[in-house]
Amino acid sequence: MNKLNYFTQLKALMRKEVQQILRDKQLLFLLFFMPILQLFIYGFALSPEVDRLRLGVVDHASSTVSRALTAALVVNDVFELKESGGRDAALAALVRDGALDAGLIIPADLERRYRAGLKTNVQVFIDGVDANSAGIAAGYVSQILASFNRNLSSGSQESREIISPQISFAYNPGLISSWFFVPGVIALVLNLVSTLVSSAALVREKDSGTLEQLLMTPVSSKQILLAKIVPLAALLMITVAVALLVSVLVFHVPFRGNLLLFLFVSFLAVLVGISIGIALAAYSENQRQSLLTSFFINLPVIQLSGAIAPMESMPEFFQYLSYLDPLRYYVICVRALLLKGGGFSEIWIEVLSLSVYAFVLLSLSSSRFRKQLK
Amino acid sequence: MTNALLEPEIVRARGLGKSYGALAAVKGIDFEIRQGEIFGLIGPDGAGKTTTFHIMGGVLEKNSGEIAVLGGSPRNMRLSIGYLTQQFSLYLDLSLIENLRYVAGLRDVTGRLFEERAARYLKLMDLDRFPNRLAGQLSGGMKQKLALCCALVGDPKLLLLDEPTTGVDPVSRREFWDLLSRVCSEGVTVAVATPYLDEAERCGRLILMHEGRILEEGSPAGLKERLGMHRLEVRSGKLHEMEKVLIEAQSLQAKSNGAERVLFDVQTFGDRLDVLVPDLEQGRALVRQLSQKAGLSEPLLSEQEPTLENVFVARLKHDLPEEEQKPFPFVAVNRELSETNSPGLGNSAKYGAIEASAVSKRFGNFQAVRSVSLRVEYGEIYGLLGANGAGKTTTIKILCGLIKPSGGSMALCGQVSDLRQESLRQKLGYMSQKFTLYDDLTIRENLEFYCGVYCVPEALRKERIAWVLRSSELTGQEGLLAGKLPGGWKQRLSFGAAVLHQPQVLFLDEPTSGVDPLARREMWKLIRDFSRQGTAILVTTHFLEEAENCNNLGFMVAGELVAEGSPSRIKEEQPGTLYELVCDDLQGAYARLKGQLEDWRTSMFADCLHVVLDDGASELPAVLSALSAEGVKIRSHRQVPFSLEDCFISIVQRAQRAHFDIAAKPQPPQSGGQK
């Protein structure tokens, strides 16, 4: 009887997987064109035009602080001052009629309360017809106000007067919205593609009935799984490269970080995605089922990660919940590497968390998948 | 039936042709189908049967010639045509009645009319007990009956059935054909294509197609008569030697052109040889002479009618060049782990190659397999037979170690524990029902894959892959995707892929489903080659003529092994007698007999009825006089030998009856071997 050779078997299994993948046009589309397509869609089409929003201000305080506040809103060209003065009701009406995109009412006691160290409420109207732009405009307003507050409070301490007025926007000075989106979309696409492709590759064999035949051959379940994961991970790394190229060449995203570090964290994210795919495959009977289930998992994972919507615009509870989302760490890493040029020292916590997630998820899901092969 | 030629024509084809690009599928055929007949199309894979059906059904346009269906073009007559395609055409997530209502709606059959027809056909098909069950939960046979209902609900004048019974078990198949006879007697004309030649026996008229042309046309009896051959069944103690001698003489005769051929064809079965001879006496004499010359003991000869398969094979052999099939490049096997066993039948080693004792399997509340014991030796071909749902596939999966039995013990290749061990699995070959090949890999990639996972040494790979390609007649096609192959070729290639590593134990789950008779014969030759090299083979099939190829048979009913033995022994031990009745009002006689006897004892063929009686001598006169009293004129009656299918059906029916009797009585203490 011929001696069994672990690597001969593994080679045969892997070659079969690669041949199957290369022949599956749908899978290839998912792997290489979907990332490009998604980047273009999010980068160009969906990137909401939230610059030069028409702003009206009724400044009852008319003080230094209130003027500084108005200035903070317009300085980035996010808002453009169209109206000032007039009555509260008139301003509200203008926003309601669509003549203005946003309105700000500053109460008369702002200066006094500020001096007394009390919190002041300013009133903001936003035209909510375009819910997406409105949400983002609201996000900008709260970000700008938050940074304004930080400036004020640090200013009152006298000791650290010289602080850049726009800390939170330092990595995107012109607030180019595509720069905000592109790293997020890389994360989103990678997550979607890796889960879909891996669950499809694993369920396919169950679906078509060949799994039973495969189980009768003298290969171990470990070999079967390994042969499925390795070619996919390699192909998905090409997906990462394609996405990165499109980001840099088309959207001119500055690649400021370390390329190797970027590839490493992307590899971890690919492993996380594959693990989710394996888990989906283990619990599904056919491709349709795994595809539908993937929506239940992928959508919350993407939403919670901060890939699309700014983390700050989430309710507090969900901000805490996002710590459970492995994609969150990848999004932070990608933003840091692409835009900030941060090194390992700045994102080591995220890298570590992502590694732990990748390891735990991969071992859990593969042991679950192997169990059902027995 | 005698005046069938006077009935109006339902289909008339003249010079009908169809090509797909450069490939001519149908090359100018003439035929007509007449009102009220069952018209059969037989022929090997790729003969053009399905294309002909597509044209008659108005699904495809012809390229040349003429076709008239019910006097018009098929496309315009579609509302009067019921068409049952090869694949199940049901919505599996709709219930029986919903499927029926949907199809009826498409044909504008609604309201009272629909209710009436649905009730009638569901009752006819015996499906009226569970109209709300999902179609997906039905057995293969029931699905086909429901599909037939769907085809009938539009009240068609012509019913087209393209291989309606592939994958359906013998019991359901017989029931299906009885239904077709009933439908036909109500004035519907039926055209049917089938790879099962025992089914073709039940057609009124047949055409045999090959490579887009019609080779033969006529009634089953007429075709057999025109063949002008006798079938000689040869039984001998040394079957293998006998076969060698006869095949040698036969191929020698075939080569010397012009010389008189005494032996036309030799076919090997599990415990006999079938020899086709033009002249009975000459044939007998030659067989005796040859066996004497080879020093073999006197063979047992018995004369039988030729079968349709003989016609099929003889007619096509004329057409096909005789090819020498090279044997599989076997390598000597050293059975280290099972030294105690030597190949050959009837040894007394501790364990057979496959050994099961009191194996059972329970899924939840469902007892799929109960206390099955069997033993297959190296070199033996064991056939496991049973209706759909009898537990065959579960038993095979237990025996090859894919699922753990819930009780009992077993051994594989002498190994009793750790049956999932990789080194053990390397000695096993397994061909699952349909899914051995990867559709999205090419033929060569598939074969290389199996060479790789079984670690076939590099030195042997080339030769073995070449062998598989040759044996499945796919040499030169290795770049084709496996998924693009027609069913028959796929099965032959799957078989090749399952034996690439020269397994010591081979499991074949319905290996010949959808394979045409000629290719099936080739495949059995290969299976026999392996068994002679000492491979133990366990095979399931729905095709009982083919079960004759096995050395031993086991019949399963409701998860239990109810009968075991060689094909000849099973037939000998079959209680009762089988009679063939020829009478004028076949339908009427059939209906009366069904009322008089148990359902399974009667079945209808094209020109006769088959009746099984337990005690023929005393029962037959009563049956005959009862029929005469009802006005049925009986022309002739004679005793005919049981076919394996007859045995199968009566074994299954008797066992089921016994089973229900037991179930009705208080249960004896269970001894299922549950742990």
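**Exercise 1. Helix packing in chain A**

Determine how helix 11 of chain A is placed against helix 13 of chain A in this predicted model, and which residues meet.

*Solution.* Step 1: take the two axes. Those of helix 11 (residues 287-305) and helix 13 of chain A come within 8 Å, with a crossing angle of roughly 45 degrees.

Step 1: classify the angle. Because of this value, helix 11 of chain A counts as oblique to helix 13 of chain A.

Step 2: assign the hand. The crossing of helix 11 of chain A past helix 13 of chain A is right-handed.

Step 3: list the contact. From helix 11 of chain A come V301(A), I302(A) and S305(A), which meet L327(A), R328(A) and V331(A) of helix 13 of chain A. Sorted by class, this contact contains 4 nonpolar, 1 polar and 1 charged residues.

**Exercise 2. The second largest cavity**

Identify the lining of the second largest cavity and the helices that supply at least two of its residues.

Step 1: name the lining. It is formed by N191(A), A269(A), V272(A), G273(A), V301(A), D325(A), P326(A), L327(A), Y330(A) and L354(A).

Step 2: relate the lining to helices. At least two residues each are supplied by helix 10 (259-283) and helix 13 (326-340) of chain A.

Step 3: compare with the helix contact. V301(A) and L327(A) belong to this lining, and both also take part in the contact of helix 11 with helix 13 of chain A.

Step 4: sort by class. The lining comprises 7 nonpolar, 2 polar and 1 charged residues.

**Exercise 3. The largest cavity**

State how many cavities of 30 Å³ or more the structure contains, and describe the largest cavity.

Step 1: name the lining. Residues of chain B surround this space, namely G167(B), Y196(B), E510(B), T512(B), S513(B), G514(B), R520(B), T541(B), H542(B) and F543(B).

Step 2: sort by class. The lining divides into 2 nonpolar, 6 polar and 2 charged residues.

**Exercise 4. The second largest pocket**

Describe the volume and lining of the second largest pocket.

*Solution.* Step 1: the pocket has a volume of about 1300 Å³.

Step 1: of its 44 lining residues, V171(B), S172(B), E175(B), Q653(B) and Q656(B) lie nearest the centre.

Step 2: elements of chain B supplying at least two lining residues each include helix 5 (170-185), strand 15 (366-376) and helix 21 (644-664).

Step 3: by class, the lining has 19 nonpolar, 11 polar and 14 charged residues.

Terms used:
Residues numbered from 1 in each chain as written. Chains lettered and ligands numbered in written order. Predicted model: local features only at pLDDT ≥ 70, side-chain atom pairs only at ≥ 80, totals over all residues. Heavy atoms only, no water. 1 Å grid on protein atoms, 1.4 Å probe; cavity = no way out; pocket = protein on both sides within 12 Å on 5 of 7 lines; lining within 4 Å. Points joined across faces, edges and corners; volume = space filled by probe spheres on them. Nonpolar A, V, L, I, M, F, W, Y, C, P; charged D, E, K, R; others polar. Helix = DSSP H or I, 4+ residues; strand = E, 2+ residues; numbered from the N terminus. Axes fitted to C-alpha atoms, helices over the stretch in contact; angles between N-to-C directions. Parallel < 35°, antiparallel > 145°, perpendicular 65-115°, else oblique. Left-handed = near helix turned anticlockwise from the far one by under 90°. Contact = heavy atoms within 4.5 Å.
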